[in-house]
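User: I have a protein model open and would like to go through it piece by piece. Can we start with the overall layout?
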Amino acid sequence: MGSSTPNPSHIPVMLQETVKALAVQPGGRYIDCTLGGGGHALAILEHSLPGGQLLGIDADPEAIKVARTSLEAYSSSTLLVNENFANLQAICIKYDFFPVHGILFDLGLSSLQLNRNGRGFSFQHDAPLDMRFSPSQEVTAADIVNTSSEAELAHLIRTYGEEGFSHRIARHIVKERPMKSTLHLARTIERAIGRRRGKLHPATKTFQALRIMVNRELENLEAGLKQAVDLLGFEGRLVVISYHSLEDRIVKQFMQQEAKNCICPLDTPVCVCGHKARLRLINKRVITPSLSEIQHNPRSRSAKLRAAERIVIQDDCCGSAEVESFLAEVKARAWRRPALLKKLELVFSTA
Ligand SMILES: C[S@@+](CC[C@H](N)C(=O)[O-])C[C@H]1O[C@@H](n2cnc3c(N)ncnc32)[C@H](O)[C@@H]1O
C-alpha cells in the first residue's frame, strides 16, 4: 500500500480492500470514524493526494495522540477530533465538514488499546476492570460486574457475548464479588466453565460482552450509521469493517434496508411506508481478509467488510433539504470529479 507506514503496534485490517471500497480519489474528502493508530487514515490520505482532506474521529484521547504522530506528514489536510461517532452529524456541522466522498467505520478496539496495561480490555495482563474507550464515560466494567444482579449479568453475557454458559459464569461472578481485576475475573470464568474450549480462551466472550456494554457499542453503531448516510455526497461511499456477528448483523440489515425502495412487511398489498433507497450495495457478498492476511495478522480473521454507495432519490427532486445540498455542491463545484459533476448537473437539469 504505497509508502504507508502505519503505527507498528496496530496493523490495519483489509487496507487495500478498504481504499478500493471507499473509491479514494485525489482531492476527495473523507471521514475515518474510528481513527485508532491512524493506519487506514494514512492510506486514505496517501491515495487522496493532491488536495485530499480527512476528518479523523476517536473516542479515545490516547488514539488521537498516537494518530497525530503517525499522520504528522499530513497535518495540514487532517482534522482530528476526540469524540464519539454517535455524534457524527454534530461533529461535521461544527467543523463544516460535509458532504464527503467516503466514511469509514473500523469497529471495536485497536491492538494499542488491547495491549496497553491499565485499560482492562485484555485477560492476558492484570489491570483494573475499566474497558472504557474514553475516560469521560462514567460506567466501567467493574461497576457492571459488581453491581448487576445475577440474572442481569447472565443476560448481558448471553446477549453481547453469545456465551452458552452465561448462567454458570454469572453465578460464579456473583459468589466471588467484589471482582477486583481482569485476572480475577478471567480466573473466576475459568473456574466456572473450564480452562479452554477450542481456540478461544474461556473469558473471551464475557470480556467482549462487558466491553460492548461499557461502551454502548451497538447503540453507537446504529446512531453513527444513520447519520453517516446524510453526510455522503452523490456516489459517496460508506464502508464498515466489523469483527463479530452482532455488529455485522446491524451493518448488513442497515445497508440492505437503505438500499430498498419499500420496507413494508411482505404481505402489505400496496406500499404505505414511502421509504426510498438512499444507498446502493457495492458488493453482493461480504468481503473477508485473504488467508495470507490472516496468517500475517490473526486479529483480522473475524473481519467482515461491507460497502455501499450514496444515490440520489430521483423522484424527490423538488426542493428537499437533501436536494438543496446536492445543488449547492453543483453550484460550488465542490466535487473535484468532472464526470460526477456532469452526472449531477444532468440529474438536476432534468428535474
Ligand atoms: C479497530 S480500531 C481502529 C483502527 C484504525 N482503523 C487503524 O487503522 O489504526 C477502533 C477504534 O475505534 C474507536 N472507537 C470505537 N467506538 C467508537 C465510537 N463510538 N466513537 C469513536 N471512536 C470509537 C476505538 O477507540 C478504537 O481506537
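User: How many helices and strands does the protein have?
Analyst: This is a predicted model, and its secondary structure comes to 15 helices and seven strands.

User: What share of the residues is buried?
Analyst: Of the 351 residues, 53% count as buried.

User: And the contacts, what part of them join residues at least 24 apart?
Analyst: Among contacts between residues at least 6 apart in sequence, the share is 68%.

User: What is the mean pLDDT?
Analyst: The mean pLDDT of the protein is 89. A value of 70 or more is reached by 86% of the residues.

User: Where does pLDDT stay under 50?
Analyst: That happens over residues 1–8. For this stretch the model has 17 contacts beyond four places in sequence.

User: Okay, on to the inside. How many residues are in the largest nonpolar core?
Analyst: The largest nonpolar core has 61 residues. Those with the most contacts inside it are Ile31, Leu88, Ile103, Phe105, Leu225 and Leu238.

User: Which helix gives the largest share of this core?
Analyst: Helix H11, residues 217–231, with six residues.

User: Take Ile31. What does Ile31 touch?
Analyst: Leaving out residues up to four places away in sequence, Ile31 touches Leu55, Ile57, Leu88, Cys92, Phe97, Val100, Gly102, Ile103 and Leu104. There is also a second, separate core of 28 residues, which includes Ala67, Ala303, Leu305 and Ala307.

User: Which residues lie nearest the centre of the largest cavity?
Analyst: Thr34, Asp58, Asp106, Gly108 and Phe133, out of 30 residues that line the cavity. Helix H2 (39–47) and H11 are the elements that give two or more residues to this lining. H11 gives the most, with three residues.

User: How does that lining split by class?
Analyst: The lining of the largest cavity has nine nonpolar, 14 polar and seven charged residues.

User: What about the second largest cavity, which residues line that one?
Analyst: Its lining is made up of Asp60, Glu62, Ala63, Val66, Ser110, Leu112, Gln113, Arg116 and Arg119. The space inside is about 60 Å³. Helix H3 (61–70) supplies the largest share of this lining, three residues. By class there are three nonpolar, two polar and four charged residues.

User: How much space lies in the largest pocket?
Analyst: About 1000 Å³. Of the 30 residues lining the largest pocket, Leu114, Leu200, Thr204, Gln208 and Arg301 are the closest to its centre. Two or more lining residues come from each of H5, helix H10 (204–214) and helix H12 (245–258). H10 gives the largest share, five residues.

User: Let me pick a residue in helix H10. Is Ile212 buried or exposed?
Analyst: Ile212, which lies in helix H10, counts as buried because its relative accessible area is 1%, and the cut-off for buried is under 20%.

User: What is Ile212 in contact with?
Analyst: Apart from neighbours within four places in sequence, Ile212 is in contact with Tyr160, Glu217, Leu218, His244 and Leu246. The C-alpha atoms of Ile212 and Arg132 are separated by 9.7 Å, and these two residues are 80 apart along the chain.

User: What is the phi of Asp96, then?
Analyst: The phi of Asp96 is near 50°, a positive value in a residue other than glycine. Asp96 lies in the loop between H4 and E4.

User: Ala23 has a positive phi too; where is Ala23 found?
Analyst: Ala23, with phi about 50°, is in the loop between helix H1 (15–22) and strand E1 (29–32).

User: And how accessible are the two?
Analyst: Ala23 counts as partly exposed, at 27% relative accessibility. Asp96 counts as exposed, at 59%.

Technical notes:
Residues numbered from 1 in each chain as written. Predicted model: local features only at pLDDT ≥ 70, side-chain atom pairs only at ≥ 80, totals over all residues. Heavy atoms only, no water. Core = buried A, V, L, I, M, F, W, Y, C linked by side-chain atoms within 4.5 Å. Buried < 20%, exposed > 50% of the residue type's maximum accessible area, 1.4 Å probe, protein only. Helix = DSSP H or I, 4+ residues; strand = E, 2+ residues; numbered from the N terminus. Contact = heavy atoms within 4.5 Å. 1 Å grid on protein atoms, 1.4 Å probe; cavity = no way out; pocket = protein on both sides within 12 Å on 5 of 7 lines; lining within 4 Å. Nonpolar A, V, L, I, M, F, W, Y, C, P; charged D, E, K, R; others polar. Points joined across faces, edges and corners; volume = space filled by probe spheres on them. pLDDT = per-residue confidence, 0-100.
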